[in-house]
Amino acid sequence: MPIIDARFLREFRLKRAWSQEQLANVTGLSARTIVRLENGGRASLETIKALAAGIDVSPSSLTEPVGDAGKPVTDGLVRRITPLTVLPDIIPTLRHYQALGFSLIETEEPGCVGLRAGNTHLILITTDFMSADYDQTTVALLEGRTIPYIYVQSVGVARERFSESATVVEQVTTRAGTIEALMERDHQYLILAEKGGHGRSDQR
């Protein structure tokens, strides 16, 4: 059975100043079930559907990804997830987002910029900037793509917990001292990143 994203559920409830009993009433579930789910319990598909319908979110937003070993892929590991777009030239895309109201996060690197709008963050990176840390064939795989950049406590632990059907395309220590592992599964890519203890301040 899927594992409920307990932190998402708890934060959703607390933002609305609901008690666990109120959340139970809204979703038609028992208060005991809500307590169990907020403690990271598993849930049947019927329970997930009832919970999602009651609080008007998608069922997928309530569950954590699970690897082949049945463990959450990143439970207790994820610090943040930011979409990362790799482009030959980031200027046109940067201007597009700024026109929408995104503010620039300075990185002191013209080939790597951050953008923020409220709680939404994005990273734009040039192929030249990425090529300084990654192999050219790896960069070519990602050019024109937007992938999750998942900042974790430990890349090694996250790799072990990931599905066995996922492969490591390349792992590097960047100029900023960040340990990054590009993962691929079914032609879907993501980067696991762990802040290192040396080099310049983390740019991504």
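These legends describe close-up views of a predicted model. Local features need pLDDT of at least 70 and side-chain atom pairs pLDDT 80 or more, while totals for chains, interfaces and linings use all residues. Residues are numbered from 1 along each chain as its sequence is written, and side-chain values use heavy atoms, with hydrogens and water left out.

**View 1. Helix α2 crosses helix α3.**
Helix α2 spans residues 20-27 and helix α3 spans residues 31-38. Helices here are DSSP runs (H or I, at least four residues), strands are E runs of at least two, and both are numbered from the N terminus. The two axes come within 8 Å and cross at roughly 110°. Axes are lines fitted to C-alpha atoms, for helices over the stretch in contact, and angles run from 0 to 180 degrees between N-to-C directions. α2 and α3 are therefore roughly perpendicular (65 to 115 degrees; under 35 is roughly parallel, over 145 roughly antiparallel, the rest oblique). Their crossing is right-handed, meaning that the near helix is turned clockwise from the far one by less than a right angle. On the α2 side, the contact is made by Gln-20, Glu-21, Leu-23, Ala-24 and Thr-27. On the α3 side, Ala-31, Ile-34, Val-35 and Glu-38 take part. Contact means heavy atoms within 4.5 Å. The contact residues comprise five nonpolar, two polar and two charged. Ala, Val, Leu, Ile, Met, Phe, Trp, Tyr, Cys and Pro count as nonpolar, Asp, Glu, Lys and Arg as charged, and the others, Gly among them, as polar.

**View 2. Helix α2 also crosses helix α4.**
The axes of α2 and α4 come within 8 Å, at a crossing angle of roughly 100°. That makes α2 roughly perpendicular to α4. Leu-23, Val-26 and Thr-27 of α2 meet Ala-50, Leu-51, Gly-54 and Ile-55 of α4. Five of these contact residues are nonpolar, two are polar and none is charged.

**View 3. Thr-47 sits in helix α4.**
Helix α4 covers residues 45-55. With 14% relative accessibility, Thr-47 counts as buried. Buried means under 20% relative accessible area, exposed over 50%, and partly exposed in between (1.4 Å probe, protein chains only). Leaving aside neighbours within four places in sequence, Thr-47 is in contact with Leu-29, Thr-33 and Leu-37.

**View 4. Arg-13 pairs with Glu-38.**
Side chains of opposite charge can pair when their charged atoms come close. The structure holds two salt bridges (a side-chain nitrogen of Lys or Arg within 4 Å of a carboxyl oxygen of Asp or Glu). In the bridge between Arg-13 and Glu-38, the closest N and O atoms are 2.6 Å apart. Arg-13 belongs to helix α1 (residues 6-15) and Glu-38 to helix α3, 25 residues apart. Arg-13 and Glu-38 are both buried.

**View 5. Asp-133 forms a salt bridge with Arg-175.**
Here the closest N and O atoms are 3.3 Å apart. Asp-133 lies in the loop between α6 (127-131) and α7 (136-142). Arg-175 lies in the loop between β8 (167-173) and β9 (179-185), so the pair ties together parts 42 residues apart in sequence. Asp-133 counts as buried at 15% relative accessibility. Arg-175, at 32%, counts as partly exposed.

**View 6. Ala-17 and Glu-108 have positive phi.**
Ala-17 is not a glycine, yet its phi is about 55°. Ala-17 lies in the loop between α1 and α2 and counts as exposed at 63% relative accessibility. Glu-108 is not a glycine either, and its phi is about 65°. Glu-108 is found in the loop between β4 (103-105) and β5 (112-117). At 76% relative accessibility, Glu-108 counts as exposed.
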